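Here's a quick walk through how two chains meet. Have the sequence and the 3D view open as you read.

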Amino acid sequence: MSILVIAEHEHGALKGATLNTVSAASQCGGDVHVLVAGHNATGTAQAAARIAGVAKVLHADAPQLDEQLAENVAAQVLAIASNYTHILFAATAHGKNVAPRVAAKLDVAQISDVTRVDAADTFERPIYAGNAIATVQCADKVKVLTVRTTGFDAAGDGGSAAIETIAAVADSGKSAFVGREVTKSDRPELTAAKIIVSGGRAMGSADKFNDVLTPLADKLGAALGASRAAVDAGYAPNDWQVGQTGKIVAPQLYIACGISGAIQHLAGMKDSKVIVAINKDPEAPIFSVADYGLEADLFTAVPELVKSL
Amino acid sequence: MKILVAVKRVVDYNVKVRVKSDGSGVDIANVKMSMNPFDEIAIEEAMRLKEKGIASEVIAVSCGIAQCQETLRTAMAIGADRAILVETSEELQPLAVAKLLKALVDKEAPQLVILGKQAIDDDCNQTGQMLAALLDWGQATFASKVQIADGAAQVTREVDGGLETIKLALPLVVTADLRLNEPRYVTLPNIMKAKKKPLLVVKPADLGVDVTPRIKTLKVAEPPKRGAGVKVPDVATLVAKLKNEAKVI
């Protein structure tokens, strides 16, 4: 029994989500292989070979795999799919884009956002914005999963897997890359950050969001996050959104400022180790999940917090 | 060109569902049901393409029980020209829905299918990608901007860390993300008009599709509860707690 993990990478660097996905794969029981489909991705393949628990790395290299277009990456996975009982992707924008395409082509179900592996065919996953956890069993011959990274520890290093070069699939011609607008930031990535400072609708404007929360994030070396309400109001970019339809995070410390705590937001951050809520509404639902609640006006409390750190 | 839009009837996003005590599922008896919010955005986008003269007809499709007709009436009140319900009481999983939609695409021959990126009940985020795979079409998921000209689409997608723009030939499948548009309010005259629009009901067997579930739900449980902590009186106490008790800063 062999298990395939699709590596997630960008600009020649293996992304951390791959490490969590390898951990989930190891729990399915079997040899873990990693597919690196990309262009000039030798460094990524070497990094994948060093992950503990990986038995083999398959490396397909071609210009048409450079931009990770769903049609081409899915075809690359399908070219080797018959060797595997499980195919795992990280439940990221990339993994969610490709995994269902692979599953449908194999005529098998796909299981999204797996948070726990109970057995080789039985998995746990959140439904209804995390308000319920379903245990599901899949009878299909191949299990195609996306793995919620916060559910699994990152695999360590120390591996020395063999790297096998495989033929790249031809370009599907169905889609072409035009451009990418990446939010430039010196801050840690939201899903990898140890500390997150997050703002809600109470921030009032994009300027106030930045003026008040940036100093705190700078002081703590934290990533910035936002509730959907703040994103919808234009106070913060969409890729900062934490919640059911945004990013799922589980940092060591999550500081929620002016966030009321709608269930959709809680779904994205309630697995954080320590939650701090600063809100002037004593009835705000965020206080029901916060380890430390400070009932105060964030516009005075946050600057005071910055000073006392 | 025709646009097909898939809409799902789900528990309203304001409802906090309860897990049934026997662990067999969540209790959705007597709770408010609505159109999946992402599907509303999908319908709105189709309407805007029609209003720009790019689309000639918008067809709304839903798969599920007879009550999904209400969801389709809402879609037609937003502006869809007609609707098709694939009626079944069987539990429908994304692969089955994708197969039903493929059968309808084969009949209706739209150039564009728009779906919400994810339903807020099962949170799967699969159906659009699966439909594109079954049709062997290109896919543009998590769209925040769609421009169509000269038989091609340029789509901006919400990805981790920012935005990505891709170009695809028609026909294609688009899945709608939150910022694609802001759906219009449904007006009473349009609700009345929607009642007179055609709504066709078919069965999965009519389309030759086997919808047997592939995944069995063994158990549905409450998530582990996170206990409320303490309220702190001031910033100084908060900092002291974070340093000495939680040891996270």
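## Where chains A and B join

In strand E15(B), B:Val230 is the bridge partner of A:Tyr292. This is a predicted model, so to speak of local features takes pLDDT of at least 70 and side-chain atom pairs count only at pLDDT 80 or more, while totals for chains, interfaces and linings use all residues. Residues are numbered from 1 along each chain as its sequence is written, with chains lettered from A and ligands numbered from 1 in the order in which they are written.

| Pair | Bridges | Direction |
|---|---|---|
| E18 (residues 292–295) of chain A with E15(B) | three bridges | parallel |
| E17 (residues 274–279) of chain A with E18(A) | four bridges | parallel |

Within chain A, A:Ile278 sits opposite A:Leu294 of E18(A).

Zooming out, the contact draws 70 residues from chain A and 64 from chain B, counting residues whose C-beta atoms, placed from the backbone, lie within 7 Å. On chain B's side, E11(B) gives the largest share, eight residues.

Notes:
Contact = placed C-beta atoms within 7 Å. Helix = DSSP H or I, 4+ residues; strand = E, 2+ residues; numbered from the N terminus. Pairing = 2+ DSSP bridges.
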